[in-house]
Amino acid sequence: MTDRDQFIFPRNRYYGDFKPENVVFNANLQEFAQRVNYICNLETSGKLPPDEAYEAIKDLWKQLKASKKELNIGDTPS
């Protein structure tokens with residue numbers, strides 16, 4: 001990643017139970033949060049209609065849920 005990418009798409013360290021699937025899901029979750037933030041800012045500034053913002057966030061949520069399901073996160077009790 002370049003410095004510019006690091007600035008635009010910051011990533012935080014993962015502190016949870018270290019399993020590959022948890023680390024991948026954490027990265028997906030951070031990307032989801034970042035994209036929702038951008039969409040909310042565009043909608044707030046009037047550059048994106050509320051309906052489009054809602055649909056975009058809904059699509060991102062579906063992608064995150066699919067990611068969780070594919071990685072089998074939360075399926076088995078600890």
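**Reading the helices of a predicted model**

Tutor: Welcome! The protein exposes about 6500 Å², of which carbon and sulfur atoms supply 55% (areas from the Shrake-Rupley method with a 1.4 Å probe; for residues, only the protein chains shown count as cover). This is a predicted model, where local features need pLDDT of at least 70 and side-chain atom pairs count only at pLDDT 80 or more, while totals for chains, interfaces and linings use all residues. Residues are numbered from 1 along each chain as its sequence is written, and side-chain values use heavy atoms, with hydrogens and water left out.

Student: How many helices and strands are there in the protein?

Tutor: There are 3 helices and 0 strands, running α-α-α from the N terminus on. Helices here are DSSP runs of H or I with at least four residues, strands are runs of E with at least two, and numbering starts at the N terminus.

Student: Why does Ser 67 count as buried?

Tutor: Buried means under 20% relative accessible area, exposed means over 50%, and partly exposed lies in between (1.4 Å probe, protein chains only). Ser 67 has 11% relative accessibility, so it counts as buried. Ser 67 sits in helix α3 and touches Phe 25 and Asn 28, not counting residues up to four places away in sequence; contact means heavy atoms within 4.5 Å. Across the protein, 18% of the 78 residues count as buried.

Student: Is Phe 32 buried or exposed, and what makes it so?

Tutor: Phe 32 has 16% relative accessibility, and therefore counts as buried. Its place is in helix α2, and, leaving aside neighbours within four places in sequence, Phe 32 is in contact with Ile 57, Leu 60, Trp 61 and Leu 64.

Student: What makes Cys 40 partly exposed?

Tutor: Its relative accessibility is 36%, so Cys 40 counts as partly exposed. Cys 40 is found in helix α2; C-alpha to C-alpha, Cys 40 and Ala 53 are 7.1 Å apart in space and 13 residues apart in sequence.

Student: Which residues make up the largest nonpolar core?

Tutor: A nonpolar core is a set of buried Ala, Val, Leu, Ile, Met, Phe, Trp, Tyr and Cys residues joined through side-chain atoms within 4.5 Å. The largest one has 9 residues: Phe 25, Phe 32, Val 36, Ile 39, Leu 48, Ala 53, Leu 60, Leu 64 and Ile 73. At least two core residues come from each of α2 (20–44) and α3 (50–71), with the largest share, 4 residues, from α2.

Student: How do you know how α2 is oriented relative to α3?

Tutor: They pack at an angle of about 180°, with axes 10 Å apart. Axes are lines fitted to C-alpha atoms, for helices over the stretch in contact, and angles run from 0 to 180 degrees between N-to-C directions. Under 35 degrees counts as roughly parallel, over 145 as roughly antiparallel, 65 to 115 as roughly perpendicular and the rest as oblique. Therefore α2 is roughly antiparallel to α3.

Student: Why is Asn 72 called exposed?

Tutor: Asn 72 has 51% relative accessibility, so it counts as exposed. Asn 72 lies in the segment after α3, and its phi is near 55°, a positive value in a residue other than glycine. Most residues other than glycine have a negative phi.
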